[in-house]
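Hi everyone, thanks for making time this morning. I'd like to walk you through one structure, so let me put it up on the screen.

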Amino acid sequence: MSTMRLTRGIAAGAVAMLALAACGDGGGSDTGDGEGSDDPIVIGVSLPLTGDFAEPGKGVERGYETWAQVTNDNGGLLGRQVELKILDDASDAARVVSDYESLIAQEEVDLLFGPFSTRLVVPASRVASEYGMLFVEPAAAAAEVFENGFENIFYAAPAIAPDHYNNLVEHILSMPEGERPQTMAVAAMDDPFAQGTAYGLRDKLVEAGVELVVDEVYPPNQSDFNAIAAKIADADPDLVVGGTQYQDAVNLILALQQLNYQPRMAAFSTAPTNPEFPEAIGGAVEGILSPTGYSNQADWPSNAEFVEAHTELHGEAPQEDEANAYTTGQVVAAAVEEVGCAEQGECQQQLIDYLRGATVDTVVGPLAWDEAGRPNGAHMILQYVDGEIAIVLPEDTATAELVYPKPEW
């Protein structure tokens, strides 16, 4: 099992990160009274750097790396440098369990950061709970994550999956009844996150009187969407909703285009925020909507520093996965600095107790949580307007007006 230090291909960043690792090895030894203050604070992470979730897993890794560099450049935590100890769980739920058990019991890391994906966070959070460790995670928004009775888990994003589209729901219901979408089709991957985002929107609109004419679920490895697209095209709904990751959204949209189905509104989770998305669907992006918890243009106080540091270290601006990882670091750091400790044992409960009542300023905005670790916000809604993706909801943060009905693709 490989341990990945803070190294990357960008020379200046790599030198800086290697210097951090040189500050010390193994677990920290903070005793709360200043002893061992020259040792780094070691943070254990297991990430899917290979396997099904490798692409977003590496994005989370990049976000953690940027947070570590910015933190160390600003003096570290409690006057100590931070060091990431990252293991590759290969997108495997059994392996993520053994990774976190090893990080806590054998490596004796001081703190934990969460992995990517609901499928990995749920078992990992169980391990963290058994050891009484604070567990802030960047990428598990499904409702089931917060239904296990664990008091140590916190989601580092504005909203859980069922609430991602809340701003869009409010906008649709504010429209004159004769103008808003009357019918809806939903196609969702059999995945807790993908279904959570789509079903949150579906259920709220159905309750408000929108007719559900298609409701399809497909396996994660599905590549042929002709049959699903045909059902949607035949029903000709006003609104099409995709509970998607990336390639499945691309394939579904291409299939819908081939049938010349033209929805009045189209919303897909995750995929439209990918920089490669417009080219993948032939440039026909105008009017497509997507929820997001992060924007490079957001004017939250720490965001400009994050974007600059991340771009310098990794050669490109951060996306949502990177931002949620960076936010994870900000949340943990806020607790550590306020409580004044970073170690296993009683300190962990103090960190948990602090976050229960705290509001933390982050690159995705101010975050606060309920008793189960659910954040209390809502995602922004993005839309492609004049060929560029822009914030259209909520109106007080919008950079463009929402376009409705959707132009033809």
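Let's begin with the largest pocket, which has a volume of about 1,300 Å³. Please keep in mind throughout that this is a predicted model. Which residues sit closest to the centre of that pocket? They are P56, F116, Q245, T270 and D321, out of 47 residues that line it.

Now look at where the lining comes from. Six names to find on your screen: α2 (54-73), α4 (118-130), α6 (192-207), α8 (247-258), β11 (288-292) and α11 (320-339) each give two or more residues to the lining of the largest pocket. The largest share comes from α2, with five residues. If you sort the lining by class, you get 16 nonpolar, 19 polar and 12 charged residues.

Some of those lining helices also pack against other helices, so let's take them one pair at a time, citing the pocket helices α6, α8 and α11 as we go. As a reminder, two packed helices are described by the angle between their axes and the distance between the axes.

First up is α8 with its partner α7, residues 226-235. Their axes come within 9 Å and cross at roughly 55°. An angle like that makes α7 and α8 oblique to each other, and their crossing is right-handed. What does each helix bring to the contact? From α7 we have N226, I228, A229 and I232, and they meet L252, A255, L256 and Q258 in α8. Six of the residues in this contact are nonpolar and two are polar, with no charged residues.

Next is α6, which packs with α5, residues 166-174, at an angle of about 25° and with the axes 10 Å apart. Because of that angle, α5 counts as roughly parallel to α6. Here too we have a right-handed crossing, of α5 past α6. On the α5 side the contact uses N166, L168, V169, I172 and L173, while α6 supplies L201, K204 and L205. By class, that contact of α5 with α6 has six nonpolar residues, one polar and one charged.

The last pair is α11 and α12, the latter being residues 346-356. Their axes are 9 Å apart, and the angle is about 110°, which means α11 is roughly perpendicular to α12. The α11 residues in the contact are V331, A334, A335, V336, E338 and V339, and those of α12 are Q350, L351, Y354 and L355. This contact of α11 with α12 has eight nonpolar residues, one polar and one charged.

Let me finish with a few backbone details. Most residues other than glycine have a negative phi, and most peptide bonds are trans. With that in mind, where do we find a cis peptide bond? One joins L393 and P394, with omega about -5°. P394 lies in the segment after β13 (388-393). Another cis peptide bond runs from Y404 to P405, with omega near 0°, and P405 is also placed in the segment after β13.

And then there is E108, which is not a glycine and yet has a positive phi of about 55°. You can find E108 in the loop between α3 (93-106) and β4 (111-112).

Technical notes. Residues are numbered from 1 along each chain as its sequence is written. This is a predicted model: local features need pLDDT of at least 70, side-chain atom pairs count only at pLDDT 80 or more; totals for chains, interfaces and linings use all residues. Side-chain values use heavy atoms; hydrogens and water are left out. On a 1 Å grid over the protein atoms alone, a cavity is a set of points where a 1.4 Å probe fits but cannot get out, and a pocket is an open set with protein on both sides within 12 Å along at least five of seven lines; lining residues have an atom within 4 Å of a point. Grid points are joined across faces, edges and corners, and a volume is the space filled by probe spheres set on the points. Helices (H or I, at least four residues) and strands (E, at least two) are DSSP runs, numbered from the N terminus. Ala, Val, Leu, Ile, Met, Phe, Trp, Tyr, Cys and Pro count as nonpolar, Asp, Glu, Lys and Arg as charged, and the others, Gly among them, as polar. Axes are lines fitted to C-alpha atoms, for helices over the stretch in contact, and angles run from 0 to 180 degrees between N-to-C directions. Angles under 35 degrees count as roughly parallel, over 145 as roughly antiparallel, 65 to 115 as roughly perpendicular and the rest as oblique. A crossing is left-handed if the near helix is turned anticlockwise from the far one by less than a right angle, and right-handed if clockwise. Contact means heavy atoms within 4.5 Å.
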